[in-house]
Amino acid sequence: MPTYHLNINGSKSKIDTEADTPLLYILRDYLELNGPKFGCGLSQCGSCAVLVNGKPTNSCMLPVSTIGDAEITTLEGLESTEGRLHAVQQAFVNEQAAQCGYCLNGMIMSAVGLLNTNANPDEKEIRNALQGNLCRCGTHPRIIQAIKTAAKNL
Amino acid sequence: MKVKPLRTRRKFLKDLGYISVGFTLLGACTGVEDPIMAARVDYDGKLPGSMGRANTVNAWLEILDDGSIRVLSGKVELGQGIRTAIQQVAAEELDMDLEKVQVQLAETGRTPNEGYTGASASIQNSAMSVRYAAATARQELLGLASKKLNTPIDDLLLYSGIVKSKLDNKSLTFAEILEGVQIEKEVSLPVPIKNKKEHRYVGKAIPRTDIRDMVRGQAIYIQDLRFPGMVHARVVRPPGYTSQLMSIDDTDLRNEVPGVLKTVVKGSIVAVITEREHQAIKAEKYLRNHTEWTTPIPFPEYSKLYAHIKEVATGPETVKSAGDVTAISKEMDTLKARYTKPYIKHASMGPACGIAMFDGEVLHVWSHSQGIYPMREALSTMLNLDSEKIHITAVPGAGCFGHSTADDAAADAALLALEYPNTHVRVQWSRQDEHTWDPFGPAMIVELEAGLDENKNINSWKAEVWTDSHSTRPNEDAGTVLTARYLETPYQMKSRGYLGGGHRNADPYYSIPNMTVNAHYYYGPLRTSSLRSLGSFTNIFAVESLMDSLAEKAGQDPMEFRLKHLEDERAIAVIQKVKELTASQNIADDQGVGYAFMRYKNTDAYIAMAAKVAVDKVTGSIELIKMWAAVDVGEVINMDGITNQIEGGLIQAASWTLKEQVSFNTTEITGTDYLKYPILRFSEIPEVEIAIINRPEEDAKGVGEVPMPPTPAAIANAIYKACDKRVFDLPITPDKILRA
């Protein structure tokens, strides 16, 4: 079984696994990170999103063998070392932008990815950036508001 | 409980505009004035149904040594915010900080048996039971402290986990009063509850504390639960409902997939247990390709679904009759229309998951089931295991919006745990299985006929409703869980009939002298159960579409027409409110605003809503611009919780209305993922605006299902205003607008 050395949330993780194991299962099943969620396994819903070199990426179909030394950031990696929430996380709390919260990981990672490249997105740009993220509870308006709030507070 | 950061807490206290009981406790030590205690008033109404089975204080709450309270609820958190609502009512009655109230969700043998978490009943039942139990606990604590402090009750103050004498400042903590004993007193009427005018938590927009955990990936869902040595399993679902296993060849499985621990074959159940989760996915795929199954009984052609339903239906059975509708054919102006709704999926974002461990004596199960006690009965029958030997703990899951697949995954795990004892076995469903094996909200047909009298008032109303069962929730009938249907000796589910949910709201809440509702029951072809608001979604789509058509026939404004058929002031108030919300709208040529009204179940919450759309007359494409709702749920517990539920419900219902149908061909269900069964995405999300009318003097009613039923009618009515085309068949799609 091959061994992989992955850069995850700023530290190196050594994983022995099959080459076709998707990143999502490395994060959840091997590293016990609960941020990224399994929603579809088909890259359709965005629940499993992580940042790969700062870019939001679905992890459920991404084989571990293709990752190399890319920097992976999960929801758990957004908080500062002093425990301060990322502006996007704090904005979701302030706007109470959740019901069940299962999709929240993907929403937050997509939002952070957007703000990484566009610090002042308009509503259309926010909607475009989140087009790949599904929410069944219907909290979309609150999520859009939270991202607007986060952009102001960044 | 996690301690909130100071910044959030300050804001929170300021928002409430009251002195904090937390700080006054400090004050008690430093000579600062005592808080003014709110008056109590006797509640002498009905006790909630849930208290019938659990009527002592300690069945609902426990007082812990550190002065905090543990509330025991028989409900499960599925995103509706029930934990916060329960915290609010308990903290309110006991005058303590919210943070000092922890909520233990359902666990067999631990929490009350509250049946199912559904039917928008958690506030009516669970939260209200906690209110009366907490109020009774307060009385009991004051009584005991009175004796210990030798002080009359009237000279005692109870707040922040202490009882204090006003006379000499002596105080006792709850733990000192109870000395390790819980309060076993029965809750009996009258219960002295806090005067609602003096509420500091209830009725306010209290932020949910669990969202902070969610944004950090620290909230634990069933899918996140891990145990040492836990193994992973997948079940190979058959190609169709009625397929049976003919053969399996797993000879090369262990060569092809690493980590395989066991293959389980029982009747037509094929499952595999592996060390790692992704290994289970690969093994399941391997086994799917190495099993042979009998061909399932074919489905009817999808295009002939509604004809098929009428063909196989029994009945009719008259479920409501008032006056004489035979006059309907003699009416001057009669309208008749047929409305249809396809099967709709729950489509929860988190596919079902179940974990089980058999320790040789007791079977432990962890599940996001909406009813762990009733599910225990199903598992008991299925496994032929005494229910006392089954211990189930409810764990939060993703929003499921009715009876979905949680119980089935728990049953899978339970069965496999017996095959692989002393190890936690986790079964995670795939998206495809979730979308295929879900008990869908049933397809329905509603035929309405209504007649206007000479004054253009509705004189007669006749409704014919065709429906499958809206509740196949687990109980002692093991056939209610999927797994049991594929055992060597399979359990076939017994028929449930309508159970009230199918014709819910088919009898309008309007003053109509002559009315009949007939229900026609059919069974199959697809598996069905409860989906948020049950039959009301289709029935109100029909009723409120026809109300607009009748108003047009009468030459009257649709809302004025509704108002003249309503006597209930609360109904009138929500309609006036939504009119006010939409009064300033500019409506372009290609746009329309449509309205709808409902009183849920004709006994619960009131809603009037509006939808604004733009329709492209050439392509038929629909843009849903905005939705408004004015809602009266009686007493509000959490203002933001209610608003959030309504906003989300409107959007989910808009998704059902504009996009959703469970497609199938004669051999299989075809909408197996989010591409083949699309739901609304961000580009399609409308703006929403909600107004809540709080009536603290009225009973608190649930809100979860309330926004669903009026949505399709408001949208259909808006489309009609925009382009003169009326669509009677859900979902409302561009091609149907062009054909109308």
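Q: Which residues outside its sequence neighbourhood does B:Ile719 touch?
A: In this predicted model, residues up to four places away in sequence are not counted for B:Ile719. The contacts that remain are B:Gly592, B:Val613, B:Val615, B:Ile622, B:Lys725, B:Val727, B:Ile732 and B:Ile737.

Q: Which element gives the most to the side of chain B that touches chain A?
A: The contact between the chains involves 46 residues of chain B and 45 residues of chain A. Elements giving two or more residues to this side of chain B are helix 7 (210-215), helix 9 (277-288), helix 17 (639-659) and strand 26 (687-692). The element that gives the most supplies eight residues, and it is helix 17 of chain B.

Q: How do the residues on the side of chain B that touches chain A divide into nonpolar, polar and charged?
A: Chain B places 46 residues in contact with chain A. By residue class, this side of chain B divides into 19 nonpolar, 14 polar and 13 charged.

Q: What is the order of the strands in the open sheet of five strands in chain B?
A: The pairing in this sheet is mixed. Its edge strands, each pairing on one side only, are strand 14 and strand 15 (333-341) of chain B. Neighbouring strands are turned by 15° against each other on average, direction ignored. The order is 14-22-21-20-15.

Q: In which sense do strand 21 and strand 22 of chain B pair?
A: Strand 21 (residues 458-467) and strand 22 (residues 514-521) of chain B are joined over eight bridges. Within this pairing, B:Thr467 stands opposite B:Tyr521 in strand 22 of chain B. The sense of the pairing is parallel.

Q: What angle does the direction of helix 14 of chain B make with that of strand 15 of chain B?
A: Helix 14 (residues 536-554) of chain B packs on the sheet. There it touches strand 15, strand 20 (444-452) and strand 21 of chain B. The angle between the direction of helix 14 and that of strand 15 is about 150°.

Q: Is strand 24 of chain B largely enclosed or largely open?
A: A residue counts as buried if 20 or more other C-beta atoms lie within 10 Å of its own. Nine of the 10 residues of strand 24 of chain B are buried. Strand 24 is therefore largely enclosed by the rest of the structure.

Q: Which residue of strand 25 of chain B is the bridge partner of B:Tyr606?
A: Strand 24 runs antiparallel to strand 23 of chain B, with nine bridges joining them, and B:Tyr606 of strand 24 is the bridge partner of B:Arg599. Strand 24 also pairs in the antiparallel sense with strand 25 (residues 622-632) of chain B, over 10 bridges. In strand 25, the partner of B:Tyr606 is B:Asp632.

Q: Which residue takes a positive phi in the hairpin of strand 24 and strand 25 of chain B?
A: Strand 23 and strand 24 of chain B form a hairpin with six residues between them, where B:Lys601 in the turn has a positive phi of about 60°. The hairpin of strand 24 and strand 25 of chain B has six residues between the strands. Here the residue with a positive phi, near 80°, is B:Gly620.

Q: What is the omega of the peptide bond that joins B:Leu730 and B:Pro731?
A: B:Pro731 lies in the loop between helix 18 (710-723) and helix 19 (734-739) of chain B. The peptide bond joining B:Leu730 and B:Pro731 is cis, and its omega is about -5°.

Terms used. Residues numbered from 1 in each chain as written. Chains lettered and ligands numbered in written order. Predicted model: local features only at pLDDT ≥ 70, side-chain atom pairs only at ≥ 80, totals over all residues. Contact = placed C-beta atoms within 7 Å. Helix = DSSP H or I, 4+ residues; strand = E, 2+ residues; numbered from the N terminus. Nonpolar A, V, L, I, M, F, W, Y, C, P; charged D, E, K, R; others polar. Pairing = 2+ DSSP bridges. Axes fitted to C-alpha atoms, helices over the stretch in contact; angles between N-to-C directions. Buried ≥ 20, exposed ≤ 12 C-beta atoms within 10 Å, placed from the backbone.
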